[in-house]
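Take a walk through this structure, one part at a time. Keep the sequence and the 3D view side by side as you read.

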Amino acid sequence: MKPQEPIPHNYEMRKLNLIFALTSLGLLLVTGIMVGYDYVRGWKWFQLEFNRIQEERIEQELKAKNDATTRGRLAEIDRGTRAAQVEIAKNRDAYLDAQKVLDEWEGKHYAADQDYRFAKATLDAQRYVYEASVVQHRSDQKEQQGKFDELTARVHNLNLRLQQATRDRDAARARVDKFLTRIKELEDKKKALTADAELLNKQLEAVSARSKRMVLNAPMLDFINPTLKIDQVVLNDLFIDMNYMVVPRVDRCMTCHRAIDRPGFESKKEAERLAGELQRELDANRIQPSKRAETEEKVASLRRLVDAPRDIPNPFRTHPKLDVFVGSASPHPILEYGCTVCHRGQDRATEFGRAGHTPMSLRMERRWQKVKFPLFPGSWDYKQRNWGYEVNPFLETPMYPRQYTEAGCLKCHAGQVDVREGEKINKATHMVELYGCHACHKISNWRFTGLQKPGPSLEGIAEKTTPAWAVRWISNPNHFRPTTRMPSFFYQRNMIGPAVPAREREQNVRYQDAEIHSIVTYLFDRSTRRQWNAGPQGDAGRGKQLVESIGCMGCHIAQDTVKDAKSGAMRVARRDDFPLERHFGFNLTGVGTKTNPAWIFNWVKNPKAYDKLAPMPSLRLSDSEAADITAYLMTLQKPKFMEEPLRAPTASAVRELAKSYLIGTMTDNEADAKLRAMPVREQMLYLGQRSIEKYGCYSCHDIKGFDGLKPIGTELTIEGSKTLHLFDFGFVHEYQHEEGHKEHILHNVPSWIYNKVRSPRVYDDERTKPYNDKLKMPNFHLSEEEGRLVTMVVLGLTKEKVAANRLAANDARMRAIEEERKIISQRNCRACHVVNHTGRAIAPMIADSNFLPPDLTPQGGRAQSPWLFNFLKDPTVMKIRPWLSVRMPTFGFNDHDAATLVAGFAAEGNGPQFDTHRFETPAQQNVAVGREVFAMLRCAQCHSVAPVDPANPPVPNVADAQSLAPNLTLSKLRLRHEWIADWIRRPGEMIPDTRMPANFPRDPETGGFRSPLAAAIDTPAFAAQKAALLPYFESEEALRKTMGDAVALTNYLRDYIWSIGINQMRNAGTTPEGPAPQQQPTSPPVPALQTGEVERRPLRAPDVGGRSGRRSTTQTRR
Amino acid sequence: MTFLKNFVNVLSVASISFILLSAVFAFVVYFNLLDGRIKSKGGIGFIVFGAVLIVAGLFVTPLLYCGIAYFICLWGLVKMGSRLWELKVGLWLLIGGAFAFALSLLDPNFYLIAAKPDNVPIGAMIFLLGIFTWIALRKAYINDKQIALGGMTFEKTESNEKLFVWPDLVYTEMLCMIVLTIIMIVWSVGLRAPLEEAANPTSSPNPAKAPWYFLGLQEMLVYFDPWLAGVVLPTLIIVGLMAIPYIDTNPKGNGYYSFRERKWEIGVFLYGFIVLWSFLIITGTFLRGPNWNFFGPYEYWDPNKLEPLVNIDLSELIWVKALAMPLPKLWIIRESFGLILVILYLGLAPAMAKGPFRRFYLKMGGPRYYVGAYLFLTMLSLPIKMVLRWLFNLKYIVHIQEIFFNI
């Protein structure tokens, strides 16, 4: 071949090689970085850190387990073991001999066993041969038979020999064991003592196996069996709605929150609380004896946590209240509910920022944002608690900030009035109901539909008060009554605040004056003008006593000032100085200035005469009582309020505002002409009507002519699901709150809502809007806590649907209970009674606890339904506690409400609503035995057994302790048959502060009841009773046994009480009750002003079987 | 710095930037590629145009900015002259552009747009577009110079050389592959995949933008009726691109770069591609914000910004505004002015065939000429309509609601 000439290369090879080398190294480096990014994950650091913390904790526990007493006992056991071994050594020869004999016998036994088995096998084979020869009629039958018989005998002998050998061997073994028993005992004891420590050691090993871990978790090997892995819970039925499909919820929070469902890592505060609770249970003997030691150990462990130098840091803490949330025995175990169902957030995220953690406050946000995550986050970042916070702008459901966590309860518990362990959410929903948010903002949710209007009816306002008062009141309700629920509509920050220019401010004031006066003019013009006759003259002093004793103070407050807890000085009262129940009725201070004696007299005697739908019940006052109360209330005056100067409305302002409404339907000139033709008063009437429509007064108050109008507020049914960009933040990021401090608005939904409810017009700051377009929501002057609670409810109203089997309280029994509780909330029963362990707001007002209204927690199991129904309808049918000055009012329940209450209580009691025990006669001997037991236990000391007229029982001498127990003859009609025995056994458990003694205390060991009569029956004091009882028992032994059986004794008592009960009581229905719901208003409809306004919708048809209270217009059918 | 940002913001306004871009493009073609002279008629024309801008700018300030920027560009281009195509100058231009871009990234508003993972490739593509256009034109310029001196094109020179496939081709290809892999890995690790929230039919993002390859069309929708901007024009673009080989009969420039020999073809294509299509895409990506309002590159995307949309049809302009008469009911009368204008515009093709473009008509023959001419006229209708919109707030030249046909 021709030698080729060298062809020139286009590039220098050396340079290319160099570039190749460098780029290859670069590629290696970059690949390493890629693997690094893939492999180095934040959650792995959290898991490693948690392992370290776990180690610390286990070592702490081990140290505690290994304390002096344990060590001492272990040393003792070791000594015992050594002593036993020394014993053996002393008798070593005997022991060895016995051992040798045993070995021999073992051998012999083995041989005998083998011989026997082999012989048996041969026999079986021979049997087969023999049978075969018989069947086949072979000639050697006889021979085989002979062999068979021989073998049978041989097997039998061998068996006997085996049995003997076994017996001998067992005897030898027993002899050897004698030496060893002691040692075995000690070893068992040692094992028992060190069992816990062994467990802990095993745990420690599992947690801290270091080198093994490093290999298992190495970058390319961690697909096999890593120890660091994502931990998740897949919930198919609690799905997430992705708008075009549903996906299962996959919660990965526990990847970093490792100990969330593990007890032992509580925060100090939680450990303190839990330890206290468990200790209380131990002290009250409520723990089963088999579990006592365990509980005490747990308390000790918790105390160690509290005393530890450092608090367990988040995210490694146990969830608080593990028995209610997250724990496997709780109603919300983590494997069935996950985390995001309650806390929201991005379920599948494994990084702090992406998961949607939301800061609680500006300070927290700043702390989280302080350091931005570097390009490659490392463990040093996490150690400094730099979590890499970033706002995920696309996450539609970020987590609730911690103060609003209970908002997540509502999506499943919205069908409940009381959520167990949900104090905050219960208070929040109660607050929303009481302050009336549902009245202006439709919430299509069971909890907030079918509720009464929060404000009083204004249809008769002219009979009650004067226009001068009304104008001043509407201008600034807080000024007259600092604790009022009525919000301030006028002169708010978007009218006269610092952000409003001065010239506009002056115009706004004129407009607001005009609106207020027009509204008042309209209301008084349309008001009814019935005549109320004044009652007799009363005594204010007696009236004051009455007001403070018959129960007014349960629903009403009568003070303006309270003593400040910190400084001790008197200051203006705030709403949160009193429990919510006492805000149900209005604060009585100043009522004398507001209204007149004739009205008050007739109102307290019969509220329903003034307003058919008034929630205030009748206290069955006599004329003189009512007169006294009237006299007292008239002394509560606020003259300074009426002396404040009133600005008169300017005609120009009225005209301009009226025109602004008119030009919606006619031209400028026409409007001017029309207004010129209207006198000022007519203009004001027109403006008043339009202003009432504008501000939505009819949502909270009944006003004639405004029935059936839609509420004016935004519908809040799914407000919690509204995405952030739909909330109008306006131009404001921080502002000066009316309380004086600066508030910051974070750019998230909870912050928007919180600031909205605390300062509703703040988003109008620095905006230019025409007057009628300005924000209208009135200012409720919510405190910080109130604001947080209301925000919590709004956040919880989401569009997420939960499957019916996951909803709380969804079975028939719970629905009955919840309907009952709803009525209780609407009629404010908790003002006086404890219902389901909470309530009785009136308690601080009554000095002697014996005079408190009864605790209704056990009422369901306690009261018979027919009696309860009659009692609710008319409490005078049976006066069980005639010594109470607090009287149960006549609420005027209609049949539907009373039946709902009765059904609810019966459901609570887990029993049938009606039974026929009342018609039974107990056996004669039961009654007799019961009578004797009754005498022995001296029940008559407190309980009278003389039959009385239940409607008019004799009023007892209250200084006499004996008289403060219900008359037992009333029990047959009132109490449930099975309940009586249960009550006698454990009154303190049912009603903690009852005066009824516990005649049958609990036995801490068995958990049953001890009977005091077991020992007492033999004492000479009861000799007579013993003699009387003997005929009814087979023997004295049987008698003694019965006397020791608490259940039997209480049953006899019950039968006795049943036998002395009266059979008849007066039925309700003879006293006037509240109106049936289907009543149309009887007055003619108000003629609409012919000013070209849109035709009003017709009156709504009333619901069948509706409630007896005033309904707000947001009711929907269910 | 704020003044500079405001300057750029104002310059970026679609009308201003389009005028600037078209004028500078024309100047580059005239002066740097075709070696035009300032002192000639063409050169004077460019300067007069600039002067008109300045004068108009005394009444309308953005035009003043435009004029200033225009003269700055002109001065730079004139200074550089043919050195614009030197490697060193090209490198400096690239560095300058990258520096300006990096400096802009310091502005938070610009950063939000440019660093969005979706938009990073678009930014890269703008650079690539500039680089490759410049390289091609440089090669064309060099070739033109060679051809003018009577020599061979460099492709011919180069094609006499021989090289080995290995290592000169394959080895270098592999090196490029490695480098590209490094870039891809670094990019994918550094910029997260732009995953947003699951699509919610009740909540559309604002602005709702098409992918970048359709942003040109979405931007055209501002100026044209959807039928034209969404169906007719895209179809004609594609059909036109397919038809180019049949219309273009110029035998010159086969296998070698040249500008002079294919002035019209390259010029028209570059105009259509860079000044029209790419400009529309860049505007759509970077300069259109919420509600499809215009925002400068350093301007905050305020969703509440309101600009009055007071666009008016030609028929309304003439009948209602000028003649103060109510609009006629019959559409043929109402739109007569618009229809006449359109017919006159379409009649430009035969008119040009008789006049200035006679040369082309003869060379290409009737069918080719007319197809090419009408495609060209359709392409030009876009900048014409845009300018009419900016000058007169013109909405539709022909607005026939009855048959849903608007131009």
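Chain B holds 18 helices and two strands. The model is a predicted one. How far does the C-alpha trace of chain B span along its principal axes? The answer is about 75 × 60 × 45 Å. A compact globule of 407 residues would have a radius of gyration near 22 Å, and the 24 Å of chain B agrees with that. Of those 407 residues, 38% are buried. Now take the contacts in chain B between residues at least 6 apart in sequence: 65% of them join residues at least 24 apart.

Next, the surface and the charges. Chain B has an accessible surface of about 23,600 Å², and carbon and sulfur atoms account for 74% of that area. The chain carries 32 positive and 24 negative charges.

Turn to chain A. Here there are 45 helices and 10 strands. Is chain A compact or spread out? Its radius of gyration is 42 Å, while the globule rule gives 32 Å for 1118 residues, so chain A is more spread out than a compact globule. Its C-alpha atoms fill a box of roughly 140 × 140 × 75 Å along the principal axes. Buried residues make up 48% of the 1118. Among contacts between residues at least 6 apart in sequence, 73% link residues at least 24 apart.

The surface of chain A comes to about 57,600 Å². Carbon and sulfur atoms supply 55% of it. Chain A has 160 positive side chains and 138 negative ones. The centres of these two sets lie 3 Å apart.

Now look inside. Which residues have the most contacts inside the largest nonpolar core? They are I629(A), L633(A) and I753(A), in a core of 77 residues. Several helices of chain A each supply at least two residues to this core, among them α14 (423–435), α21 (540–549), α26 (623–634) and α33 (784–796). Pick out I629(A) and check its neighbours. Leaving aside residues up to four places away in sequence, I629(A) touches G543(A), L546(A), V547(A), I550(A), V604(A) and L621(A). Another core lies apart from this one and has 62 residues, including Y30(B), Y65(B), F110(B) and Y271(B).

Stay with helix α26 of chain A for a moment. E625(A) lies in this helix. Is E625(A) buried or exposed? Its relative accessibility is 17%, and buried means under 20%, so E625(A) counts as buried. Its contacts include one with L546(A), and it also touches R620(A) and R887(A), not counting residues up to four places away in sequence.

Seven of its nine residues are buried, so helix α36 is largely enclosed by the rest of the structure. The buried ones are S865(A), W867(A), L868(A), N870(A), F871(A), L872(A) and K873(A). What do they pack against? Their partners are α35 (859–862), α37 (895–908) and α39 (971–974) of chain A.

Last, the backbone. Most peptide bonds are trans, and most residues other than glycine have a negative phi. Some places here depart from that pattern. A cis peptide bond joins N314(A) to P315(A), with omega about 10°. P315(A) sits in the loop between α8 (292–307) and β3 (325–326) of chain A. In chain B, a cis peptide bond joins N206(B) to P207(B), again with omega about 10°. Where does P207(B) lie? Look in the loop between α9 (165–190) and α10 (212–223) of chain B.

Positive phi values turn up too. E421(A) is not a glycine, yet its phi is near 65°. This residue is in the loop between α13 (410–413) and α14 of chain A. At 28% relative accessibility, E421(A) counts as partly exposed. H837(A) has a phi near 75°, also positive and also in a residue other than glycine. Find H837(A) in the loop between β9 (834–835) and β10 (838–839) of chain A. Its relative accessibility is 63%, so H837(A) counts as exposed.

Technical notes. Residues are numbered from 1 along each chain as its sequence is written. Chains are lettered from A and ligands numbered from 1 in the order in which they are written. This is a predicted model: local features need pLDDT of at least 70, side-chain atom pairs count only at pLDDT 80 or more; totals for chains, interfaces and linings use all residues. Side-chain values use heavy atoms; hydrogens and water are left out. Helices (H or I, at least four residues) and strands (E, at least two) are DSSP runs, numbered from the N terminus. The radius of gyration is taken over C-alpha atoms; the globule rule is 2.2 Å times the number of residues to the power 0.38. Buried means under 20% relative accessible area, exposed over 50%, partly exposed in between (1.4 Å probe, protein chains only). Contact means heavy atoms within 4.5 Å. Accessible areas come from the Shrake-Rupley method with a 1.4 Å probe; for residues, only the protein chains shown count as cover. Lys and Arg count as positive and Asp and Glu as negative; His and the chain ends are not counted. The place of a charge is taken as NZ of Lys, CZ of Arg, CG of Asp or CD of Glu. A nonpolar core is a set of buried Ala, Val, Leu, Ile, Met, Phe, Trp, Tyr and Cys residues joined through side-chain atoms within 4.5 Å.
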